[in-house]
Amino acid sequence: MPARYREPGSRSETAHRADQPVDAQRGFFTEPARSTAPPGGTDLVPRPRSERLFTDRPVLDVVIPVYNEENDLAPCIARLHTHLRTTFPYPFQITVADNASTDRTLAIAYAMEAELPEVSVIHLDVKGRGRALRAAWGISVAPVLAYMDVDLSTDLAALLPLVAPLISGHSDLAIGTRLARSSRVVRGPKREVISRCYNLLLRGTLAVRFTDAQCGFKAIRADVAGSLLPLVEDSGWFFDTEMLVIAQRSGLRIHEVPVDWVDDPDSRVDVVATAMADLLGVARLARALGTGALPIAELRREFGRAPLNGASMVAGNGASLGPGAGAGAGTAAVAAAGPRGAGGPVPGVPAGLTRQLVRFTGVGVASTLAYLLLFLLLHGATGAQAANLIALLVTAIANTAANRRLTFGVSGRDDAGRHHLQGLFVFAIGLALTSGSLAALHAVSDDPGRLPELTVLVLANLASTVIRFLLLRAWVFHPSRLRRRARARHGGTA
């Protein structure tokens, strides 16, 4: 748990009226200042008017998780502090979250805390970025919480666009994205490929709609964090992804900001270990979503984010629900609309498809992990192509058996032989994709290395996974076949 936390005092140069009402949720005065907008126009640019904006409570808390960053910490805090003091129109706080550093990082952080009134420090005895964010955000008094990496790879000009939708109440979370068309990014090809493969994996397995899960530049409203953080299990690098997936499934609005980003050449992140931990996290999260372990329906009700339809937009005698309508009216309208918002049937989606997709995803993630581990174990003894063949064959048989029982609900020995033979045909397609990808990679480079091989195999497996699901559902375990089998088992009754 944090050892120290100091809430910064009000700025000495800030003048405000003590009797003026303060919005307890947002942290600034509820009485608006006189607008400088032209008649009939809107003042869209926030201006630092002291009588409205400054109180003794920060509106934004920017957390910097650090571990052994004695060289980068002081320049980072000084640069961030200067940027916020000169460009950010609200009171702010910078929290340094020390993750069990063994060098002079903590001492430097305390020196910055003593020098700058807006800087606070917490110390944790164990590592983990997610653990640091959970601790710092959990004790912050600011209504908007953010974090960024200590290397400040992201251009700070994106900070105000990141948090503005949260301060206004329009959005619930905000993330920087390096993968938008208007983003400008400088980094090596290895990290570029890994990042894009990871986000592609998230789209294929967890159906995410946000574009960049791992950019170290995010913000969240404090009330939203209070509901989501108890449900996030990971304490390391997968923390961001897990929080965003739960937020998306809960119907929360995630704002994305294209950023300028320059890779830190001194990054000490273990890419392979982090990637494996992320894959395990994806499998765990897919299972939690598929089994209903996460209270998504309750979160949707809490945030008032049931899916919209005609009934949810009308109350009483056909009157539209405007911004001033009570929460009870909206809830009643959604409830009257039927079970769709509570996880009922979705028009246009075949019965059972959603459940099958979730379970197939869980089986697929586990199979991919097993395949990659077998490939790595066999590679040195057999070579890349033979290791690919053996690993894919073993996991394909296990994958067919698992999908037969878990995804499509087929048990017993009836037709098991046919299912596995057809599964081997599907396996042949996957083998062609992976072997062809490896052959193409080795044609480009005689010794490409393990990481490019794994990257190519993950991409090929993603493509074969989509084909596998389509063939399993439309051919091997076609619903009409399963119904005929069930009727035959029960003596011809429907």
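Reply: In this predicted model, the accessible surface of the protein comes to about 23,800 Å², and carbon and sulfur atoms hold 59% of that area. Of the 494 residues, 45% are buried, and the protein has 16 helices and 11 strands. Among contacts with a separation of 6 or more, 75% are between residues 24 or more positions apart.

The part in question is an open sheet of 7 strands, which follow the order 3-2-1-4-7-5-8 with mixed pairing. Strand 3 (119-124) and strand 8 (254-258) stand at the edges and have a single partner strand each, so one side of each is left without a neighbour in the sheet. From one strand to the next, the twist averages 20°. Within the sheet, strand 5 (residues 173-177) and strand 7 (residues 217-221) run antiparallel and are joined by 3 bridges, and Leu173 has Ile220 of strand 7 standing opposite.

Helix 5 (residues 159-168) lies across strand 1, strand 4, strand 5, strand 7 and strand 8, and its direction is at about 15° to strand 7. The buried residues of helix 5 are Leu159, Leu162, Val163, Pro165, Leu166 and Ile167, and what covers them includes helix 2 (73-87) as well as strand 1, strand 4, strand 5, strand 7 and strand 8. An α-helix has 3.6 residues a turn, so residues three or four places apart point the same way. After helix 5 comes Gly169, with a positive phi near 90°.

Helix 4 (residues 129-139), for its part, lies across strand 1 (60-66), strand 2 (92-99), strand 3, strand 4 (144-148) and strand 7, and runs at about 130° to strand 3. Helix 4 also packs with helix 8 (residues 239-249), the two axes being 8 Å apart and at an angle of about 60°, which makes helix 4 oblique to helix 8. On the helix 4 side of this contact are Arg129, Gly130, Leu133, Arg134 and Trp137, which meet Phe239, Asp240 and Met243 of helix 8. Sorted by class, the contact of helix 4 with helix 8 has 4 nonpolar, 1 polar and 3 charged residues.

Taken together, strand 1, strand 4 and strand 7 are among the strands that helix 4 lies across, and helix 5 also lies across strand 1, strand 4 and strand 7.

Technical notes: Residues numbered from 1 in each chain as written. Predicted model: local features only at pLDDT ≥ 70, side-chain atom pairs only at ≥ 80, totals over all residues. Heavy atoms only, no water. Pairing = 2+ DSSP bridges. Helix = DSSP H or I, 4+ residues; strand = E, 2+ residues; numbered from the N terminus. Axes fitted to C-alpha atoms, helices over the stretch in contact; angles between N-to-C directions. Contact = heavy atoms within 4.5 Å. Parallel < 35°, antiparallel > 145°, perpendicular 65-115°, else oblique. Nonpolar A, V, L, I, M, F, W, Y, C, P; charged D, E, K, R; others polar. Buried < 20%, exposed > 50% of the residue type's maximum accessible area, 1.4 Å probe, protein only. Areas by Shrake-Rupley, 256 points an atom, 1.4 Å probe, with all protein chains shown as cover.
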